[in-house]
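Hello,

Here is the structure I promised to hand over. Please look through it first; my notes follow below.

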Amino acid sequence: MLYIKCPFCGMRSQNEFAYGGDASVKRPELNKEISNNEWDDFVYNRKSLRGKHIELWHHVSGCRQWFKVQRDTATHEIFKTAKMDEQI
Amino acid sequence: MSQAYRIKDKGYINRKKLINFKFNGKNYTGFEGDTLASALLANGIHLIGRSFKYHRPRGFFAAGVDEPNAKLQVLLNGHSEPNVNATEIELVEGISATSQNCWPSVKFDIGAINNLLNKFFPAGFYYKTFMWPKSFWYRIYEPFIRKAAGLGVASIEKDKERYEHKFEYCDLLVTGSGPAGLSSAYAAAKSGAKVILAEDKHRFGGSLLTDDVSIDNLSGKDWADKIISELKEMPNVTIKNRSQVFGYYDHNMLVMFERVGDHLEKKSKFTPRQRLWYIRCKEVILSTGSIERPIVFGNNDTPGVMLASGAKEYMKVYGVLVGTKPLIFTNNDSAYETAIEFKNNGVDPLVIDSREEQNSELVNEAKNKGIKIKFNHAVIKANGYKKVNSALIGELNENKSEYKNTNIVECDCICVSGFWTPSVHLASQSGNKLKFKKEIDAFIPDKSKQNEVTVGAANGDFTLGSTLNAGFKAGTAASKKINNKEIDIQVPNVNEKNHKAHDKFWCSPLPKNIKAKRFVDFQNDVSVTDIEIALREGYRSIEHVKRYTTLGMATDQGRTSNLNGLQLVSNIENKIVPEVGHTTFRPPFTPVTIGTIVGREVGKHFMPTRLTPMHEWHEKNNAIFVDAGAWKRPRYYKIGNETMLEAAKREAKNVREKVGICDVTTLGKIDVKGPDAAEFLNRVYTNAWMKLPVGKARYGVMLREDGMVMDDGTTTRISENHYHMTTTTAQAANVLSHLEYYLQIVWPDLNVNVVSTTEQWAGAALAGPKSREVLAKLFPNIDVSNETLPFMGYKEADLFGVPAKIFRISFSGELAYEINVQSDHGMFMWEKMMEIGKEFGIQPYGTEALSTLRIEMGHVAGPELDGRTIPYDVSLDGMVSKKKDFIGKRSLTKSAFTQSDRQKIVGLIPTDRKTSIPEGSHLVEDKNAKLPNPKLGHVSSSCWSVENNNPFSLAILKNGKNMIGKKLFAVSPLKNKSIEVEVISSHYVDHEGKRVRS
Amino acid sequence: MQKYSVFSLIKNAFSDHMNWEVAWKDPTPKKEYDVIIIGGGGHGLATAYYLAKEHKITNVAIIEKGWIGGGNVGRNTTIIRSNFMFDANGRFNEFGMDLWRNLSQELNFNVMFSPRGIINLAHSDAQMNAYARRGNSMRLNGIDAVLLGREEVKKHIPMADFSDDVRFPIFGGLMQPSAGTARHDAVAWGYARQADSMGVDIIQHCEVEGFNVSNGKITGVRTSKGEIKAKKVGLCVAGSTNILAEKLNMTLPIETHCLQACVSEPVKPLLDGVVTFGAGHFYISQSDKGEMVMGGDLDGYNSYAQRGNLPTIQHVLTGGLALFPFLSRLKMLRTWGGIMDMSMDGSPIIDKTHIDGLYLNCGWCYGGFKSTPVSGWTFAHTIAQDKPHELNSELSLNRFSTGYLLDEKGIGTKTWIG
């Protein structure tokens with residue numbers, strides 16, 4: 001079971017959290033003209049990196065904050081977690 | 001005589017307490033402190049079961065978790081359990097055990113015919129045959145094979161025992177209480193670290209219980225007892241026996257199961273049988289010891305052939321002789337301890353040593369005691385069917401490939417030792433890649449991937465002195481890492497005999513004229529020949545060998561066979577063992593009861609049950625409930641002998657004609673607050689929200705980014721910056737996470753907060769033409785007229801002293817209100833509404849009537865919003881703003897979504913106006929067309945229209961409204977039905993929506 | 001090639017099994033192939049076999065970074081079915097069922113396909129209706145399906161919990177009687193043996209390091225055993241799809257996740273077919289050896305580790321006990337994990353790509369095993385003819401841009417929520 005440091009609450013077991021996918025995917029701005037490809041890259045296409053992966057987690061059974069986790073997808077090692085407005 | 005093989009005054013069992021048990025129907029006795037295995041051996045029982053494939057007689061091979069053969073069906077506390085390892089289960093009064101996989105009995109087993117035909121059943125034989133005629137595999141061959149396989153019989157009784165979970169945190173977990181574990185736990189505990197020490201067996205001490213050593217002038221066992229009692233006194237130490245750490249998972253989470261109840265004679269109702277421990281620790285010391293490796297020889301599976309360490313343990317711990325004419329077959333020194341122990345107990349062993357003449361301390365001691373030893377010899381094969389009665393031995397030639405001479409020696413057991421294999425399972429599970437240590441011809445842990453270190457025999461260190469040294473060091477190092485304390489611990493003086501190197505001899509060659517099977521994996525009946533065949537046929541990767549022969553895949557997971565298998569493969573392939581590599585170790589280390597893994601979430605506790613504050617009232621009034629996620633909702637309220645359909649019709653009709661009341665507490669409720677709340681809603685919902693005035697509600701639809709409808713509901717502006725959002729029952733949690741995602745990640749600049757208030761409010765819908773009259777009486781102090789509280793209006797008012805919120809919204813399509821009060825007052829509200837509504841003919845209605853009402857109104861719900869429909873598909877075109885952007889809008893331009901004949905919602909009535917259309921039917925033009933019959937759409941929701949008194953359905957149909965007036969067939973081949981239907985509008989009742997506004 | 005039969009078995013028994021031929025050879029790669037299939041799993045091996053058999057293209061190499069059959073074909077729960085709602089999925093897999101029914105004979109290798117049936121249990125009327133929709137769709141596509149009521153379910157699985165002490169009672173279920181199981185390893189080995197005998201080179205322990213593309217056309221692959229030229233290259237690498245896509249500068253609608261499964265100790269036959277629990281994530285069947293083979297949910301976060309964590313297993317087995325309380329006393333023997341190529345609508349992709357001569361086979365989610373024969377058959381066709389077969393025409397890569405999605409579950413793009 002993963003042990004994840006919520007930037008707001010501290011170390012907590014994985015079962016308090018929900019996963020949110022690749023954090024590098026950025027939603028296109030509202031009302032912006034974009035190509036179909038750009039939109040599909042946002043909705044569907046994923047790099048799904050092997051190795052260091054920055055991803056979203058949601059502390060659903062805790063403070064209900066979304067935050068970023070840098071984790072190795074091959075070993076599950078977690079290097080860093082950060083609030084949404086912080087850099088990893 | 002009972003317990004004829006018990007040695008006088010030996011062992012750590014309690015001879016004062018006699019225990020009765022049964023094996024294969026016969027009564028036996030043993031002592032407290034016995035395992036089932038030691039008690040049976042004390043009674044001279046060796047034949048314990050039959051092998052999986054050839055049904056060969058099998059006996060005890062080991063004394064612990066490494067036992068491959070002794071799996072019994074055990075009846076205890078009224079429950080029968082298959083595959084119980086007799087070497088692990090403690091003897092308690094009343095155990096009844098039977099042999100598995102044999103018929104009619106273990107002594108005479110018909111299945112043994114397989115053994116005679118074994119020539120025709122080589123590795124992988126089933127891949128090569130049973131193919132003709134085609135249908136015979138499933139009908140004839142396979143059922144036969146299935147019956148033959150399978151070891152024990154699973155009881156289908158419900159398990160009445162209790163299983164618990166525990167979550168524990170510690171600084172250091174030590175797995176195993178042998179010398180390595182004790183010393184490291186002791187060192188770390190002395191410095192104050194919070195330590196958990198886990199021991200699988202019920203006695204602490206591991207190899208100290210059986211090895212001939214002394215520490216600080218104490219015997220190994222006494223020293224272990226002393227350390228354990230000191231550890232028990234320390235408040236920072238938890239020591240657990242009967243506790244197996246079986247899994248090493250990510251981020252130093254280890255999992256252990258504790259056998260709590262089975263050995264107790266009397267236990268309280270609340271004593272669990274087993275307990276699962278999730279242990280999160282900062283550091284781990286793996287002191288799991290090692291397992292003795294067998295030497296492979298002919299008929300080495302005959303009962304009476306046993307690991308030398310097992311024989312020694314039975315003598316030393318249990319005071320049981322496994323034979324009176326023992327042969328010790330070894331390639332190393334350690335088996336000499338077994339020989340000496342036999343001799344000390346008045347039994348003369350013969351040692352067969354594959355090595356040339358040795359002069360180590362231990363060998364010399366054996367010689368001095370007059371033990372006969374044959375060096376340069378090997379056991380070629382065991383003789384005897386149900387028990388060893390002699391052995392063919394031979395003198396080895398120079399390169400140990402053939403024999404100079406052979407002869408037969410009588411014996412009643414063969415104790416075999418092929419040196420030691422470190423138990424590296426947990427280290428491997430942690431991600432540690434193993435490395436091959438040449439000196440011991442086995443794998444040991446390499447670089448740590450997590451905070452773990454392996455100490456002692458598990459690390460390939462087989463001497464006590466250096467193990468203790470390493471243990472104290474590892475304990476000190478761990479505690480230093482944890483609390484930066486370093487204490488000085490005096491490493492005790494150790495007295496042990498030094499050992500000479502082992503011989504790389506693990507498989508006795510068979511002379512040409514000798515036919516005998518040489519087993520590598522006992523439980524799965526994998527022999528040397530099988531491995532040779534696999535390699536010959538090109539299954540050369542070790543994983544291929546394993547899968548093709550099933551080597552190491554039995555319930556003992558190859559603990560005594562993996563390394564010998566690897567060695568054989570590398571010999572044949574002319575490689576060294578590390579080149580062949582090893583198969584992966586996976587949890588659990590030993591099999592774990594599924595009940596333990598699940599814990600307390602059984603029966604009704606599978607999932608929490610959510611009840612509304614009015615639940616008791618519903619129960620009292622004959623509500624039949626339906627599961628809505630975790631919620632229980634009244635489906636209908638049964639009067640007399642009504643069927644569900646009759647009740648639903650009555651309830652729905654009452655709403656259409658008079659007034660009904662429905663518990664809507666389960667709807668998701670979210671408070672949306674902040675100066676940017678309107679802007680936020682405007683982005684979340686497909687329709688416009690900027691101009692909603694305070695005190696007004698609006699219906700909204702929200703999409704996923706892929707354009708599919710995610711949820712719908714009404715949101716009310718309570719005050720300037722405060723909105724009350726409702727969601728469907730099913731999507732409540734998802735919608736909240738969705739909103740938080742956008743607020744926290746995508747638009748953090750918006751000043752809005754959301755919080756779930758679902759549990760805070762009890763809700764009741766009041767619906768029907770007379771609902772306003774009821775409302776007026778409920779709230780006599782406010783004006784509830786259509787002018788002051790119009791459709792989509794909102795008011796706060798006082799309900800006989802209880803603050804209430806009144807929303808004029810409708811799902812039924814009638815004039816309707818939803819009233820919310822704080823949950824505590826839910827029952828008060830409900831009863832008040834029933835009381836006041838009585839004169840107007842109020843009746844409660846459940847979800848069936850609710851469905852009827854919404855379906856005939858053409859309101860969409862779950863079956864239509866199935867995650868595959870966009871707003872245009874379900875007649876929500878008017879809800880989609882053309883002017884503003886919102887979540888998912890960009891997807892709506894996809895070509896599939898704008899295609900003109902896309903499947904869209906319509907209404908259906910049967911042309912006979914009588915036959916109900918089953919939900920899940922599909923619409924076709926020709927009901928008799930040949931398959932595949934092209935489908936035009938499907939029936940999503942059906943009801944009996946109470947308004948028009950005939951069946952009515954909603955359907956998602958190709959070309960949607962353009963099909964109105966057409967006749968099609970709704971077919972349900974599953975129900976053997978095809979019904980001619982007419983396509984009509986999805987708004988079957990009041991399509992102008994007058995009633996809700998009345 | 002040696003023919004396997006009871007007679008060859010007896011004959012070889014008398015020569016002490018010394019005369020069996022190798023099932024496949026261990027060749028060194030040639031300089032150039034007509035087609036290279038990357039990935040020696042079930043789908044890759046089947047593709048090579050059908051290229052040779054159906055399209056007479058035999059100058060083919062399978063390149064496998066480990067040992068053949070070591071990926072998901074060797075670590076799945078062996079369920080074979082075609083109980084899909086969407087026409088594209090249903091017809092595709094029903095064609096596959098026909099291939100399964102003859103596979104042992106065709107490959108002269110007993111893959112032990114057993115049509116023991118699969119029952120998807122329903123625990124509410126709403127679920128029964130959803131199953132009816134799927135079952136009726138199957139029937140209209142010519143696929144067998146039966147809707148079972150509670151009592152009929154009880155006849156099939158009397159040891160399920162039909163007592164009052166349940167959170168979600170069984171309402172009924174949807175059964176596909178012709179569904180079943182097969183011996184997973186045998187499928188890989190059977191295809192490998194036949195492909196090898198027709199001239200396909202099976203090259204193990206050879207990792208693809210890069211691709212050679214010139215003027216928008218594939219010309220070969222760079223591997224740990226050197227550069228190999230190829231006119232056409234087919235990608236069949238399941239959980240490694242994203243890794244190879246990165247080398248091709250492609251971003252796909254695929255995410256990689258870990259799925260665990262577990263088996264109990266073997267017990268005498270109790271459960272004949274496959275059963276899925278409808279109120280949680282759990283499915284179960286009993287192997288010929290007697291082990292209960294169980295699985296359920298993904299671990300729930302991107303992962304390339306073939307190891308999972310216990311909470312998922314606990315969650316899955318909790319569903320198992322809710323359905324079959326007798327499992328409580330059985331012991332879990334082994335758990336393992338596999339790496340799944342989760343597509344964004346839960347359905348696979350078999351298609352050409354924007355690179356000429358490069359073909360894609362991926363997105364199998366947790367259901368790749370059942371499609372092994374038909375995936376190989378259609379992928380071979382797609383490669384040989386340079387265009388999809390009608391059966392896989394809807395399993396296109398561009399359906400995500402056009403919107404013609406095949407979302408069987410209606411859960412959208414959050415692939416990690418089963």
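Chain B holds 24 helices and 51 strands; helices (H or I, at least four residues) and strands (E, at least two) are DSSP runs, numbered from the N terminus. The radius of gyration of chain B is 38 Å, well over the 30 Å that the globule rule gives for 998 residues, so chain B is more spread out than a compact globule. That radius is taken over C-alpha atoms, and the rule is 2.2 Å times the number of residues to the power 0.38.

This is a predicted model: local features need pLDDT of at least 70, side-chain atom pairs count only at pLDDT 80 or more, and totals for chains, interfaces and linings use all residues. Residues are numbered from 1 along each chain as its sequence is written, while chains are lettered from A and ligands numbered from 1 in the order in which they are written.

Along the principal axes, the C-alpha atoms of chain B fill a box of roughly 115 × 75 × 55 Å. Of its 998 residues, 57% are buried (20 or more other C-beta atoms within 10 Å of the residue's own, with C-beta atoms placed from the backbone).

Now the interface. Chain C brings 84 residues to the contact and chain B brings 90; two residues are in contact if their C-beta atoms, placed from the backbone, lie within 7 Å. On the side of chain C that touches chain B, the elements giving two or more residues include α1 (6-14), α7 (184-197) and β16 (331-343) of chain C. α5(C) gives the most to that side, with nine residues.

Two strands pair if DSSP finds at least two bridges between them.

Val592(B) has Met332(C) as its bridge partner. Thr593(B) stands opposite Lys331(C).

Best wishes

Definitions and conventions. Buried ≥ 20, exposed ≤ 12 C-beta atoms within 10 Å, placed from the backbone.
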